[in-house]
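I opened the notebook to record what I looked up, one place in the chain after another.

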Amino acid sequence: MPRLPAPDPPGQPLIHHHQSGDDLAAGPGEGGIYDLGRPGEPEAEPEPAVPTSLDELAALWRSCAPDLTDEQVAGLARYRDLLHERNQRVNLTAVRDYPGIERRLILESLRLLPALTMRAAVGDRVLDIGTGGGLPGMVLAIARPDLGFTLMDATGKKVQFLADAVEAMGLANVRPLHGRAEEIARDTGYRGQFRVAVARAVSSLPTLIELGLPFVALGGYLVLPKGIDLDEELRAAERAGALVGGRVVEASILPEAGSSVETRLVVIEKVAPTPKTYPRRTGLPAHAPLGLAEKPARSRR
Ligand code: SAH
């Protein structure tokens with residue numbers, strides 16, 4: 001596949017810090033009450049002895065992404081090793097063991113590829129909101145070197161890991177970005193600039209719609225892996241979408257992938273420009289999600 005230049009002009013520092021100075025507080029998604037999308041992710045697991053062999057990994061990952069080259073399989077394995085190693089010292093993800101990283105993180109991210117391939121063409125920009133240790137953004141970027149990825153997170157140590165991994169692996173199509181979605185969405189270099197935005201295990205649908213849709217170009221998409229039980233969230237998502245210019249166009253269950261995780265893939269199309277008032281100031285999109293306020297108030301004694 002043709003390699004494209006990084007999504008930003010060359011000669012820039014590898015990490016873009018959207019705010020100067022202070023490290024930003026971890027977002028509401030981290031263990032927060034809106035983190036509904038990943039049922040049953042355990043706190044920690046016993047450390048197994050060995051990582052899975054490249055041959056087995058190739059078979060596992062190609063079950064989701066048949067076009068992966070040997071080089072890309074090796075790249076994903078390298079990313080697995082870097083994540084596993086740094087995660088011993090720095091808290092990047094609650095999934096700490098090799099099989100967990102290989103299946104629940106990398107394979108789960110590869111499951112998004114068909115949805116991305118349907119909607120993004122060579123040279124398009126893709127944003128991963130709340131990428132953490134690089135999920136799903138790093139995985140998708142290794143699988144699709146022809147797309148330009150921006151990996152955004154509010155937590156400095158996670159973005160630092162991504163910058164180190166990008167450098168170690170020589171990934172030309174990945175740009176780590178440190179900051180909060182609420183603030184970066186005001187920047188004209190990012191607002192409305194992405195064909196697709198993804199987010200995994202970050203927040204509820206109405207929150208992700210408010211945080212994510214401002215970044216998406218008209219006619220582009222939010223692609224969000226979520227859990228199965230989603231009816232109420234989907235109703236709120238419809239109402240939130242109407243306010244910020246989005247329409248839910250899909251909420252289908254993904255084919256089984258050998259990870260025993262049931263995933264519903266929610267796709268929101270940007271059908272109208274997002275009013276300047278969105279996203280609201282930092283914290284509000286998660287703490288007072290759009291679409292919920294309109295529910296009939298329960299009586300309180
Ligand atoms: N997507 C990763 C990480 C999930 S944890 C994975 O699947 O493993 C949620 C991440 O979202 C955290 O790293 C947190 O820092 C980030 N986050 C939450 N709210 C954010 C916001 N408003 N702006 C930027 N990052 C945010």
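Helices (H or I, at least four residues) and strands (E, at least two) are DSSP runs, numbered from the N terminus. Residues are numbered from 1 along each chain as its sequence is written. I keep in mind that this is a predicted model, where local features need pLDDT of at least 70 and side-chain atom pairs count only at pLDDT 80 or more, while totals for chains, interfaces and linings use all residues.

**Entry: Arg180.** I found Arg180 in the loop between β4 (174–178) and α7 (181–184). Is Arg180 buried or exposed? A residue is buried if 20 or more other C-beta atoms, placed from the backbone, lie within 10 Å of its own, exposed if 12 or fewer, and partly exposed in between. Arg180 has 20 C-beta neighbours inside 10 Å, so I count Arg180 as buried. I also noted that the C-alpha atoms of Arg180 and His18 are separated by 8.0 Å, although these residues are 162 residues apart along the chain.

**Entry: α9.** Helix α9 covers residues 231–244, and I listed Glu233, Ala236, Ala237, Ala240, Gly241 and Val244 as its buried residues. Seen down the axis of α9, these fall within an arc of 145 degrees (taken from the directions from the helix axis to the C-beta atoms), so they line one face of the helix. In general, an α-helix has 3.6 residues a turn, so residues three or four places apart point the same way. After α9 comes Gly245, whose phi is positive, near 100 degrees.

Note on methods: The expected span of a helix is 1.5 Å times one less than its number of residues.
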